[in-house]
Amino acid sequence: MAQILGIDTSNYTTSAALLDLETGEVHQEKQLLPVKVGEVGLRQSDAVFHHTRQLPELLERLRPFLENNPVCGVSVSTRPRNVDGSYMPCFLTGMGTARAVAAVSGVPLYETSHQVGHVLAALYSAGKLGEREKPFLAFHVSGGTTDSLYCEPDADMALKITPCGTSLDLKAGQAIDRVGLMLGLQFPCGKALEQLAAKSRKKFRIKPVVRGMDCCLSGLENQCRKRLEQGEPPEDVAKFCLLTVAETVIAMTKEAQERYGRLPVLYAGGVMSNQLIRPLLAENAVCWFAAPEFACDNAAGVAVYGAWRKQGGKLWQF
């Protein structure tokens, strides 16, 4: 049997993956883009440069998995979302490489969005690909998005994703990274902030700022800075930050279910791999989570989309 090669060059991670069409097994390689100490994020020109340097190395690491199991299609994310005007230069690196591989290999090229890849990766890792056949709610929560989404099957795009709510200012991942830097952690700060918060035993009463299905998180950074200046221990500030994000997503979930009905909820994106946040979300809805290695930016979901296209839009379950 053959494999689908998936490529994703998002704003902070270079990623490539191979998906076996017979077994459903995924081999993935990914590497964060380097960010200077004390800085939050990268300019797009720097992101393009680093993706261009890193992607060939990741493909070389996948080479051993191609012996006796060739590539029969290449799938790539070419934009953040499937909406008009959705564009970031960093996706040009993946698109150019994918076109080249497909051309010299004589295999089809499939294009999708980073967001669809995130949702499909989460469904795949949760063992819920069959749920693509009916509507569900999803959250994509990362450094660049804090979005609630209404998902339904689509004959052309695998998933039709309708935005429900979003952050009107700071995104959850941005808030976490800014608070982490405030506490002396290295970007990206999510994992280290989670480890620091685990040391706290303080109880908090959180009041999230939610307006309809949207949220506001800009006040979180200021609240954390104030707490730190007042002498609150770093571990308590870290816990307050993560609990605020959790309660915000819970409130957004309730608002989306009020609008669309009590549909099951899929949580994807790097922030949703946080082990403090996940149990709190699970208490409030029937939900599924991406496995941690599939929650952050990855090419696995992009490869799943390519497999769906290669198999003529048929639903499969590994």
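Author: First, a definition: two strands pair if DSSP finds at least two bridges between them. Helices (H or I, at least four residues) and strands (E, at least two) are DSSP runs, numbered from the N terminus. This is a predicted model, where local features need pLDDT of at least 70, side-chain atom pairs count only at pLDDT 80 or more, and totals for chains, interfaces and linings use all residues. Residues are numbered from 1 along each chain as its sequence is written, and side-chain values use heavy atoms, with hydrogens and water left out.

Reader: Which residue in β2 stands opposite Ile4?

Author: Strand β1 covers residues 3–9 and strand β2 covers residues 13–20. The two pair in the antiparallel sense, over seven bridges. In β2, the residue opposite Ile4 is Leu19.

Reader: Which strands stand at the edges of the sheet?

Author: The sheet is open, with five strands in the order β3-β2-β1-β4-β5 and mixed pairing. An edge strand has a single partner, so one side of it is left without a neighbour in the sheet. Those strands are β3 (26–32) and β5 (109–113).

Reader: At about what angle does helix α2 run to β4?

Author: Axes are lines fitted to C-alpha atoms, for helices over the stretch in contact, and angles run from 0 to 180 degrees between N-to-C directions. Helix α2 (residues 91–105) lies across β1, β4 (71–79) and β5. Its angle to β4 is about 160°.

Reader: Are α3 and α10 roughly parallel or roughly perpendicular?

Author: Helix α3 (residues 114–125) and helix α10 (residues 300–310) pack with their axes 7 Å apart, at an angle of about 90°. Angles under 35 degrees count as roughly parallel, over 145 as roughly antiparallel, 65 to 115 as roughly perpendicular and the rest as oblique. That makes the pair roughly perpendicular.

Reader: Which residues of α10 make the contact with α3?

Author: Contact means heavy atoms within 4.5 Å. From α3 come Val116, Gly117, Leu120, Ala121 and Tyr124. From α10 come Gly301, Val302, Val304 and Tyr305.

Reader: How many charged residues are in the contact of α4 with α6?

Author: Helix α4 (residues 172–182) and helix α6 (residues 218–229) pack at about 20°, axes 9 Å apart. Ala175, Arg178, Val179 and Met182 in α4 meet Leu220, Glu221, Cys224, Arg225 and Leu228 in α6. Ala, Val, Leu, Ile, Met, Phe, Trp, Tyr, Cys and Pro count as nonpolar, Asp, Glu, Lys and Arg as charged, and the others, Gly among them, as polar. The contact has six nonpolar residues, no polar ones, and charged residues numbering three.
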